[in-house]
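Visitor: I have a model open and want to learn how to read it. Can you take me through it feature by feature?

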Amino acid sequence: MRHVVPLDDNEVAMSKKTWMFEDLYFQKPAVEYRLAFDVANSIINKNSRSNLAVISSSLHATEIVKRCRFDLDIVGTGSFTVEQFVDIASDWSPMRINAVKLKEMPKFTRRTYSSIIWAEPEVDSSEEVANLLRRSSLVGTSLMVVTTTRLRHFLPVWRSALRPAHNPLSPGATMRSLAKVGWRVDGWQAFHTPQSVFWAGLSRLASIANRPDWRDRCFFAMRAAYRKSNKGYRLTPVVLLSARAI
Amino acid sequence: MLINLNDATLATILIGLDKWFDSMRQDGGYGGPVVHWWNDCQDYIGPGLDWRYEGIVLGYLNLWKLTDSNQWLSKAIRAGQDIISGQLPSGNFRSSCFELNPNTGGTPHEAACDIALLQVATSLKAMGDSNWKQYAVSAEQNLFHYHMGLLWDDSMRYFQEQPFSRSFVPNKAATLCEAIFLYAYLKNNDEYIVRYVLPTLEFIIDAQVKEGRFRGAIYQGIANNRPIDGFFPYYIARCIPALLEGYAWSGKERYADAALSAAKFISRCQSENGGFPQVIYSTGRMNKYPQWIAATGDILRVLGEARHLGVEFDERRTFDWLMAGLQADGSIRTASGFGRVFPGMRTDDPRDDVAVCGWVDKAFRYLTGILRCKHLLQTGVD
């Protein structure tokens, strides 16, 4: 019943552990990532035509697989070996998922994609990937990019052995990289805002003061302030960019 | 049964709910947003194989048993097929975490799906339909591989909340006990009850306040041998059916006493408007809001089941509260006062009006259980 997953070499070496796919599938991602993937996938799930995910790790790939409701091509970046992942994950996905090699993408597909998710751009390959994605897209194609700032290091997943990405590009650098090759960034959503940090702090104080009622009220306020759109993102760990091919 | 609603009116309401549930179907099952006390899931709105299936399946089976009309049985079977189709190689169900969907391993959500599957299996078996086995096998895989395999703590002899969390949550364990009772009855094997259910029921009783102003209340959870502060009337109600079943199976008065005491506590919490506070803390303070509307169907159903033990409860008041939540599309509002939890007491929170399959199913199950006039729903309603 257990499905052993030889994850990419880098991850296995870092974690020194044999990971099972179900271990990954069972993991609940950080709230920031969960919301970002929910929003990003809502774009893909509107579209039953050709969808593509460009992914930096098996952690992110698993989150995409959980959410995909139409057939999906997956490209791995960095050390993420998508073919092995797809072999195992196919049993767990409600839809067909295909591994596509980055270098062979335009030749392999000979087609264009109508929706693309990119999580997370790596410093080493971002320009090349942005360019390839643009070449595989028609004008108007939606691109959702999950990016992180330096504050990602506060997220538990970034302090664990199995990390979501190797050396991710910042949201600002990603926007510049996209603009160079014909993508227009329409907007962004930032997750875990300073306001939500403030409310979380008040919630903890209320708990210490033995006021569980206010603890929960402040927690509600924290949830409501968790994301913001198209305003400063520098003090948030996870930022979802929404772009369109022009 | 104290409700004396015109049966034609009730049938109209049920037809509206049935149509609304149909409108919420997608490839893979019943979808839509989720709003909840713990979290919301409003961006992922795909199908969820969570506790929504308990009320949907048992509601349709109620209608089928009342009317003998196969249209209702076929809807229960279709829902059962959703669960089977969404079963993962690990035995878990896809997107089973309700407010945390599309994650998997949800508690008590997968156990609630098992209840749905086992009820379909029991009904089909009683008819002599050999298809019952596939539903039983699916529930069995989930119960054995996940609940008994990963959540059962053999040293403590209870079901822990999650594979990575050893805390004990009574209402979740109670739902699982209900599923195991059904499985044991279906298999005609009491071993599972003795091994898993009875020790778990003892833990639920241990989490109950025995005296004082909160007598009968059941703590929301136990972590590191300490109770987690907070009594949620709704969740306490979800503990009662397992205690009643424990009493029916064993004849031990302590289960009935615990169920009665819990029911009396819930009854004491009833507000003037018929709703219930969200949570009461051991300091005596509370967060009244959001007050559940659709979910009070579960409270009404459970207190109705416990009435024979002697609990007194103004069912009409809560019934009116539930009915006031009916919406034009046939659904029922989730709550009143989501915005009033915030510091500053907002009154404009749209979550109140969001109808959620996993809340409306509670009302649907209750309302299908009180309908008596079978001819109203006997023929096709399309």
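Guide: Begin with a pair of helices. This is a predicted model. In chain B, H6(B) and H8(B) make a left-handed crossing.

Visitor: How far apart are the axes of helix H6 and helix H8 of chain B, and at what angle do they cross?

Guide: The axes come within 8 Å and cross at roughly 35°. H6 covers residues 170–187 of chain B, and H8 covers residues 233–250.

Visitor: Which residues in H6(B) and H8(B) meet?

Guide: From H6(B), Pro170(B), Ala174(B), Phe181(B) and Tyr185(B) are among them. From H8(B), the list includes Tyr235(B), Arg238(B), Ala242(B) and Trp249(B). By class, this contact has 10 nonpolar, 3 polar and 3 charged residues.

Visitor: Now helix H10 and helix H12 of chain B. How do their axes lie?

Guide: H10 (residues 296–306) and H12 (residues 357–370) have axes that come within 7 Å, crossing at roughly 35°. The crossing of H10(B) and H12(B) is left-handed. Gly297(B), Asp298(B), Leu300(B) and Arg301(B) come from H10(B). They meet Lys362(B), Ala363(B), Arg365(B) and Tyr366(B) of H12(B). The classes here are 3 nonpolar, 1 polar and 4 charged.

Visitor: On to charges. How should I think about salt bridges?

Guide: Side chains of opposite charge can pair when their charged atoms come close. Over all chains, the search of the whole structure finds 34 salt bridges. One of the salt bridges joins Arg34(A) and Asp38(A), at 3.7 Å from N to O.

Visitor: Why are Arg34(A) and Asp38(A) separated by about one helical turn?

Guide: Because they sit 4 residues apart in helix H3 of chain A, which runs over residues 31–44.

Visitor: How many salt bridges does the rule find across the interface of chain B and chain A?

Guide: The rule finds 2. Asp40(B) forms a salt bridge with Arg223(A), with the closest N and O atoms 3.2 Å apart.

Visitor: What supplies the side of chain B that touches chain A?

Guide: Helix H5 (132–151) and strand S8 (286–287) of chain B each supply at least two residues. The residues on that side divide into 20 nonpolar, 15 polar and 10 charged.

Visitor: And how much area is buried between chain B and chain A?

Guide: About 3,300 Å², with carbon and sulfur atoms giving 58%. In residue terms, 45 residues of chain B are in contact with 35 of chain A.

Technical notes
Residues numbered from 1 in each chain as written. Chains lettered and ligands numbered in written order. Predicted model: local features only at pLDDT ≥ 70, side-chain atom pairs only at ≥ 80, totals over all residues. Heavy atoms only, no water. Contact = heavy atoms within 4.5 Å. Buried area = accessible area lost by both parts, 1.4 Å probe. Salt bridge = Lys/Arg side-chain N within 4 Å of Asp/Glu carboxyl O. Nonpolar A, V, L, I, M, F, W, Y, C, P; charged D, E, K, R; others polar. Axes fitted to C-alpha atoms, helices over the stretch in contact; angles between N-to-C directions. Left-handed = near helix turned anticlockwise from the far one by under 90°.
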